[in-house]
Amino acid sequence: MQDHVTIVRHPLVQHKLTLMRERSTPTALFRQLLREISLLLAYEVTDDMPMATRHIHTPLREMDAPVIAGKKMALVSILRAGNGLLDGVLELIPSARVGFIGLYRDEETLEPVQYYFKVPPELGERLVIVVDPMLATGNSAAKAIELLKEAGARNIRFLCLLAAPEGIERMRSAHPDVPIVTAAVDEGLNEHGYIVPGLGDAGDRMYGTR
Ligand code: URA
């Protein structure tokens, strides 16, 4: 990936995102839209994966055909909202290994607090795609990536649905080597650290917890 931030402007992504933002969109539809968008975002975040060729036989003749080189990929979900993106991406890349990082946001300091960390082995040899729908302050994302680097990850990308300029800036200063793929960059954060106009609390909207 060349750019630090890639905005996926495909009409299908933008249309589905608008439906997700709408406050009257019910939980089941919200989850379904997130799964559908994650397939389209996964397509973008993997667009320059190294390729190799494999010798195959079609019904008509032999050929050297393109395949993805190696199968070393890890998807890492930041709990719990990350799981909504994870499901779709995993559908597209079923052989990927999966990790989970549990971070919750202290609502006063807005700082991330770690409560869970389980990732696949040999992270240094894998393309690691970290998924979390909302890049808000960037504190959780930056912390998750710091933990992954400590665990050996070298080739990391961050996939989200919505980003705030503050979160992008935080990531740019903490992890300039980590490209970000998102469907949109919104205006900014409100006093509670929510993305505006945003779509509200992604976890609550996915699981109906509010
Ligand atoms: N997390 C969310 O779910 N929504 C926001 O707007 C910010 C952080």
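This is a predicted model: local features need pLDDT of at least 70, side-chain atom pairs count only at pLDDT 80 or more; totals for chains, interfaces and linings use all residues.
## Largest pocket

The largest pocket holds about 570 Å³ of space. Its lining counts 25 residues. Nearest the pocket centre are Ala81, Arg105, Asp132, Ser140 and Asp201.

Several elements give two or more residues to this lining: β4 (73–79), β5 (97–105), β8 (134–135), α4 (139–150) and α6 (202–207). By residue class, the lining splits into twelve nonpolar, seven polar and six charged.

## Nonpolar cores

In soluble globular proteins, nonpolar side chains tend to be buried together. Here the largest nonpolar core has 36 residues. Leu41, Leu159, Leu161 and Leu199 have the most contacts inside it. At least two residues each come from α1 (11–21), α2 (27–45), β4, α3 (82–92), β7 (127–131) and α6. Helix α2 provides the largest share, seven residues.

## Around Leu161

What does Leu161 touch, beyond its neighbours within four places in sequence? Its contacts include the leucines Leu17, Leu34, Leu41 and Leu199. Met20 and Ile37 are also in contact with Leu161.

## Helix α3

The buried residues of α3 are Gly82, Asn83, Gly84, Leu85, Leu86, Gly88 and Val89. Their cover includes the helices α2 and α6. It also includes the strands β4, β5, β7 and β9 (155–159).

Helix α5 spans residues 165–174, and Gly167, Ile168 and Met171 are buried in it. These three residues sit on the same side of α5, because they cover an arc of only 100° around the axis. An α-helix has 3.6 residues a turn, so residues three or four places apart point the same way.

His175 lies in the loop between α5 and β11 (180–182). Is His175 buried or exposed? His175 counts as buried because its relative accessibility is 6%, and the cut-off for buried is under 20%. Leaving out residues up to four places away in sequence, His175 touches His4, Ala142, Ile145, Glu146 and Lys149.

Methods
Residues are numbered from 1 along each chain as its sequence is written. Side-chain values use heavy atoms; hydrogens and water are left out. Buried means under 20% relative accessible area, exposed over 50%, partly exposed in between (1.4 Å probe, protein chains only). Helices (H or I, at least four residues) and strands (E, at least two) are DSSP runs, numbered from the N terminus. The arc is that of the directions from the helix axis to the C-beta atoms. On a 1 Å grid over the protein atoms alone, a cavity is a set of points where a 1.4 Å probe fits but cannot get out, and a pocket is an open set with protein on both sides within 12 Å along at least five of seven lines; lining residues have an atom within 4 Å of a point. Grid points are joined across faces, edges and corners, and a volume is the space filled by probe spheres set on the points. Ala, Val, Leu, Ile, Met, Phe, Trp, Tyr, Cys and Pro count as nonpolar, Asp, Glu, Lys and Arg as charged, and the others, Gly among them, as polar. A nonpolar core is a set of buried Ala, Val, Leu, Ile, Met, Phe, Trp, Tyr and Cys residues joined through side-chain atoms within 4.5 Å. Contact means heavy atoms within 4.5 Å.
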